[in-house]
Amino acid sequence: MIRTENVCKCYYPHSKHEVHALKDISLFIPKNRVVVFKGPSGSGKTTLLNIIGTLDRPTSGRVFICDEEITTFSDIALSVRRRDKIGFVFQDFNLIPRLSCMENVANPLIPRGFSAADRFQRAKSLLEQMGLGDRLDHKPEELSGGQQQRVAIARALVNNPDIIIADEPTSNVDEETGEHLIETMKTLKAKGATILIATHDARFKDIADEMFVLKGGRLA
């Protein structure tokens, strides 16, 4: 499903502020695995997930998804791949403040040409599965942190992605939401998803097929 070859990421190259965030990362991740990345803050976990998730490009090295080298893709092609294949669960939720819960979840379906009725039916169903059936018209500011994360999870799933990328998904939520998220990840793996998680949360080790530790931008 995912392969990286000697991936490096350097910020501010050839300057006195040069930072080597990733150094020669080579990974092979088969389909339908839960993979956890651990390591201290600044170790490169988020940078690696952003590159695999097509939100960023490596300075050097190659990245393959489904045997296609995405490092050769144009920005538009990467956007389409991201839209169609990848769901993101962010640490800070990244919900659109002026939109309701249902609109936030339905929003990724607009570029794919779904009708309004189909978009909102799919969003409603996912939010109900997340226990938010009575919060469909609420704005993010009207929700607790745990509820916002559940909306973010529903949004990540609305496209039925093959790959789910979660960056510190339990760091800003209560224990109950964290447990709910872990159970959701188990269900998604059972349905065939490949899941990458950067986390300090020890509970994820119980669902991980593989764990990698990063230190100083390298696989330790």
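Colleague: How do the residues of the lining of the largest cavity divide into nonpolar, polar and charged?
Modeller: Keep in mind that this is a predicted model. In that lining, four residues are nonpolar, two are polar and two are charged.
Colleague: Which residues line the largest cavity?
Modeller: The lining is made of Ile51, Thr54, Asp56, Arg57, Pro58, Ile70, Thr71 and Leu78.
Colleague: And what volume does the largest cavity have?
Modeller: About 40 Å³. Searching the whole structure turns up one cavity of 30 Å³ or more.
Colleague: Which elements give two or more residues to the lining of the largest pocket?
Modeller: Those are α2 (75-85), β6 (86-89) and α5. The largest share is from α2, which gives four residues.
Colleague: How many of the residues lining the largest pocket are charged?
Modeller: Three are charged, alongside nine nonpolar and six polar ones.
Colleague: What about the second largest pocket, what volume does that have?
Modeller: About 340 Å³ for the second largest pocket. Of its 16 lining residues, Arg122, Leu157, Asn160, Leu188 and Lys191 are the closest to the centre.
Colleague: Which elements give two or more residues to the lining of the second largest pocket?
Modeller: That would be α4 (116-129) and α6. The largest share comes from α6, with four residues. By class, the lining of the second largest pocket has seven nonpolar, six polar and three charged residues.
Colleague: Let's switch to helices. At what angle do the axes of α5 and α6 cross?
Modeller: At roughly 15°, and the axes come within 10 Å. For finding them in the viewer, α5 is residues 145-157 and α6 is residues 175-190.
Colleague: So are α5 and α6 roughly parallel or roughly antiparallel to each other?
Modeller: Roughly parallel, because the crossing angle is under 35 degrees.
Colleague: Is the crossing of α5 and α6 left-handed or right-handed?
Modeller: The α5 and α6 crossing is right-handed.
Colleague: Which residues in α5 and α6 meet?
Modeller: On the α5 side you have Gly146, Gln149, Arg150, Ile153 and Leu157. From α6 come Glu176, Thr177, His180, Leu181, Thr184 and Leu188. By class, the contact of α5 with α6 has four nonpolar, five polar and two charged residues.
Colleague: And α4 with α5, at what angle do they pack?
Modeller: At about 135°, and the axes of α4 and α5 are 9 Å apart. That angle makes α4 oblique to α5.
Colleague: Is the crossing of α4 and α5 right-handed or left-handed?
Modeller: It's right-handed for α4 and α5.
Colleague: Which residues meet there, between α4 and α5?
Modeller: Arg122, Leu126 and Leu127 are the α4 residues, and they meet Val151, Ala154 and Leu157 in α5. In that contact of α4 with α5, five residues are nonpolar, none is polar and one is charged.
Colleague: Where else did Leu157 come up?
Modeller: Leu157 is one of the α5 residues in the contact with α6. Leu157 is also among the residues closest to the centre of the second largest pocket.
Colleague: Great, I'll go and look at those spots.

How values were computed. Residues are numbered from 1 along each chain as its sequence is written. This is a predicted model: local features need pLDDT of at least 70, side-chain atom pairs count only at pLDDT 80 or more; totals for chains, interfaces and linings use all residues. Side-chain values use heavy atoms; hydrogens and water are left out. Axes are lines fitted to C-alpha atoms, for helices over the stretch in contact, and angles run from 0 to 180 degrees between N-to-C directions. Angles under 35 degrees count as roughly parallel, over 145 as roughly antiparallel, 65 to 115 as roughly perpendicular and the rest as oblique. A crossing is left-handed if the near helix is turned anticlockwise from the far one by less than a right angle, and right-handed if clockwise. Contact means heavy atoms within 4.5 Å. Ala, Val, Leu, Ile, Met, Phe, Trp, Tyr, Cys and Pro count as nonpolar, Asp, Glu, Lys and Arg as charged, and the others, Gly among them, as polar. On a 1 Å grid over the protein atoms alone, a cavity is a set of points where a 1.4 Å probe fits but cannot get out, and a pocket is an open set with protein on both sides within 12 Å along at least five of seven lines; lining residues have an atom within 4 Å of a point. Grid points are joined across faces, edges and corners, and a volume is the space filled by probe spheres set on the points.
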